[in-house]
Each structure stands twice: as structure tokens, then as C-alpha cells.
Amino acid sequence: MKKPAPLDVDAILDDRGTRIIVCCGAGGVGKTTTAAALGLRAAERGRGAVVLTVDPARRLAQSMGLSELDNTPRLVHTAEGGGQLFAMMLDMKRTFDEIIEAHADPERARQILSNPFYQSLSSSFSGTQEYMAMEKLGQLRRSDEWDLIIVDTPPSRSALDFLDAPERLGRFLDGRFIKLLTAPAKAGGRSAFRLLNAGFGLVAGAMTKLLGAQVLKDLQTFVSALDAVFGGFRQRAEMTYRLLQAPGTAFVVVAAPERDAMREASYFVERLAEERMPLAGLVVNRVHFSPAAGISAARSAAAAEDLESKGEHELTAAVLRLHTGRMQLAAREHREQEHFVSAHPTVPVVQVRAMSEDVHDLAGLHQIGELLASGA
Ligand SMILES: Nc1ncnc2c1ncn2[C@@H]1O[C@H](COP(=O)(O)OP(=O)(O)O)[C@@H](O)[C@H]1O
Ligand SMILES: [Mg+2]
């Protein structure tokens, strides 16, 4: 494999100009682990870091003192040099509520929050979690209390969901169905509802039959109230988008050395370039390296076969088989990475080996941090 440039994690963490690090990647590749490990390492190097986690595994959350969803960063660790690690676990519903409370007048806010549609929209709209993570990032950054914010992205199927969320929420709110419901309401109050019935009699009639008059009314109230704060939604999403393009931001793409994850990483890297968002590099996580001293997979397979056919040295044959498997796995992972590197030769890369156990405490995070930094 043509050697990619090494990703110099410490240089990024030590650069005081780095204010935001976003960890992206396909589901299950190690985004949360990487984000937490970067946060701890940043603290160890004297920074005041806050990690915005989305879905930490339970044991990891516990070891960081995050026992429940919480929208306020909590102190996890103070390092020897005085650097600190804070962490919070995004509460999506609460973040949504906060936006409504901050941007609608109290009466309207009450209307929205108590609306039966609010609950389902705020928790089930696809992309809400991504949107809220971005929203929370914007809030933390604007407060200017944090030296370094590290964002773990939601466990979406696709890494791109994170970047697409604001646009998708916007499309939803601009959608025809929504327009149909809000347009008359804007004309004002109850007469507007009659106007709706007159102008869109057929549709409204069908919907009333389908949903019931009260439900339709609730929906209409909700949507028009939401519409009033939605200009703000849009604007802030755009602000956060610009924040992501700013020079103080570093995207770290995380992938496993497997075909789908590497392909996903490729798409994501291309998308970042299109959006002019600053990519720091790629972390290939859970890599299996070929055993250092060793015979090739082919020779060890042949030797195992030989022993097996003679019925001799069963244990040795088993060890040779195991060795063969490891060599093949390492070779396969190597090939998957090669595709990425040849397509993106200038993207810095660091490999983190697969640990024998899950990473569930600060000691484990420290170790991952060391591996992340060992690339340069
Ligand atoms: N290098 C590694 N070696 C061993 N286990 C790892 C490693 N990186 C992550 N894990 C484990 O893999 C699981 C998924 O990691 P996580 O960070 O939650 O992924 P994601 O946030 O991308 O879904 C966790 O149980 C974590 O402890
Ligand atoms: Mg995660």
C-alpha cells in the first residue's frame, strides 16, 4: 500500500485554534470511543475539553459518570497539568424543548410543547437526533465557555445523515403538506380554518375524516406555531453549518477496516470537500495487524493441512490454522484500506488496533488516545 500521510492527532489537539472536532462515520465503527478518547487526551495535554456524546455504551457512560441523559456538561476528569474533561449525553427531546422555549413567546411555546404532535415529531422525525446534535454544538460554541468541543455523531446508518439533517428538517417544514396546513392559519385564527375548509375543502374533508376534526386542528395549531419559530431553526442550522466550515473545526472520519465502512468514509470525505469543511483525517479503528514474526498464510495453511492429513500434532495444526486466519484477516483489512488510500492519497490516516476487550473506562480511553497519537 502506498503509505498515506500520518494523522498527527497531538498537533490538532495542541493547536489552540482547534475549537471543534467532529467524529463521523458509519454505525458501530468507534465514533463515541474515538470522541471520548480524543477528549481525554486533549485534557491530558492541558485543554479544557467537552465531549458531546450521543450514545455511549452503558459501561463507558457509567465510567464517565454519565448516568442519564443530560444537557449540561459534567466534569469527568481533571488531568495533572490542569486540563479538564467534561462530558454530556445529548438529551434530544430536552434540546428540542429548549429551542422552542428560547425562540417562541411563552404562550406559543406552551402551545407547541403541549401539542400532541410535538411529542411524536420531537422524538421520531428521522434526522432529529442529528439535527439536535448540531444544534447543541452551536449552543456550546456560541456560549464560548469551551476551549475545545468534541462532537460524537448519532448512530445513523450513514455518516452523511449528520450533514443532511438541517436540510431535511427544512424540507419537511417546507413540505406541501405542511404548507397546506399553515397557509390558512397565517391568515389568522378560526376564520382561517374555515378558509382552509373552503379553499382546500376536498383535502381537508378527507383529512378530517381520516384524522378527526380535533386532531386536524391540533396539527394545524402545532404547525403554525412551529412555523413561527422555524425561521430561527433555519437560520441557526445555517450558522452551525458555517461553524463547521470554519478553520477552527476538524472533522475526524472514523471507519472500521471493512468494505462498507471504508466506502462510507470515502463518500464522507468527498462530501466534506464539496461542502468545504475541514477534514483532519481518517481513523481506521479496530485493525488486526498480521502477527509480527510469522510464516505466510499459505505456508501455515499448507503445514496445518499436512499435519492434519497425517493425524499428527493436533494442537500445532490448530495453532497454524489460527495463524492462517489472522494473516488472512490482516490481509483483507489491508486491502480494504488500500482502496481508500489510492482514492484519497492526501488524506492523513492513523490506524488503531483492535483491543482484546471493549473500551469502557478512562484507562481504556487513555490507551486508545495513545494509539491515536502514535500515527505521527
Ligand atoms: N479499538 C477498539 N478495540 C476494541 N473495542 C473497541 C475499539 N473501539 C471501539 N470498541 C468497542 O466497540 C463498540 C462500539 O464502539 P462505539 O465507539 O460505541 O461505536 P460507535 O459510536 O461508532 O457506534 C464499543 O463497545 C467499544 O468499546
Ligand atoms: Mg456512538
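Colleague: Does arginine 271 count as buried or exposed, and at what relative accessibility?

Modeller: In this predicted model, the cut-off for buried is under 20% relative accessible area. Arginine 271 falls under that cut-off, so the residue counts as buried, with a relative accessibility of 15%.

Colleague: Which residues does arginine 271 touch, leaving out those up to four places away in sequence?

Modeller: Arginine 271 is found in helix H13, which covers residues 259-274. Once residues up to four places away in sequence are set aside, the residues touched by arginine 271 are Leu160, Leu163, Asp164 and Tyr241.

Colleague: How are H14 and H15 oriented to each other, roughly parallel or roughly antiparallel?

Modeller: The axes of H14 (residues 297-310) and H15 (residues 314-343) come within 8 Å and cross at roughly 155°. Angles over 145 degrees count as roughly antiparallel. H14 is therefore placed against H15 as roughly antiparallel.

Colleague: What is the handedness of the crossing of H14 and H15, left-handed or right-handed?

Modeller: Residues of H14 that meet H15 include Ala297, Ala301 and Glu308, and among those on the H15 side are Leu320, Arg321 and Met327. The residues of this contact divide into eight nonpolar, five polar and three charged. As H14 passes H15, the crossing is left-handed.

Colleague: What share of the residues in the protein chain is buried?

Modeller: The protein chain holds 16 helices and eight strands. Its accessible surface comes to about 18,100 Å², and carbon and sulfur atoms hold 53% of that surface. Of the 376 residues in the protein chain, the buried share is 51%.

Definitions and conventions. Residues are numbered from 1 along each chain as its sequence is written. Chains are lettered from A and ligands numbered from 1 in the order in which they are written. This is a predicted model: local features need pLDDT of at least 70, side-chain atom pairs count only at pLDDT 80 or more; totals for chains, interfaces and linings use all residues. Side-chain values use heavy atoms; hydrogens and water are left out. Helices (H or I, at least four residues) and strands (E, at least two) are DSSP runs, numbered from the N terminus. Buried means under 20% relative accessible area, exposed over 50%, partly exposed in between (1.4 Å probe, protein chains only). Contact means heavy atoms within 4.5 Å. Axes are lines fitted to C-alpha atoms, for helices over the stretch in contact, and angles run from 0 to 180 degrees between N-to-C directions. Angles under 35 degrees count as roughly parallel, over 145 as roughly antiparallel, 65 to 115 as roughly perpendicular and the rest as oblique. A crossing is left-handed if the near helix is turned anticlockwise from the far one by less than a right angle, and right-handed if clockwise. Ala, Val, Leu, Ile, Met, Phe, Trp, Tyr, Cys and Pro count as nonpolar, Asp, Glu, Lys and Arg as charged, and the others, Gly among them, as polar. Accessible areas come from the Shrake-Rupley method with a 1.4 Å probe; for residues, only the protein chains shown count as cover.
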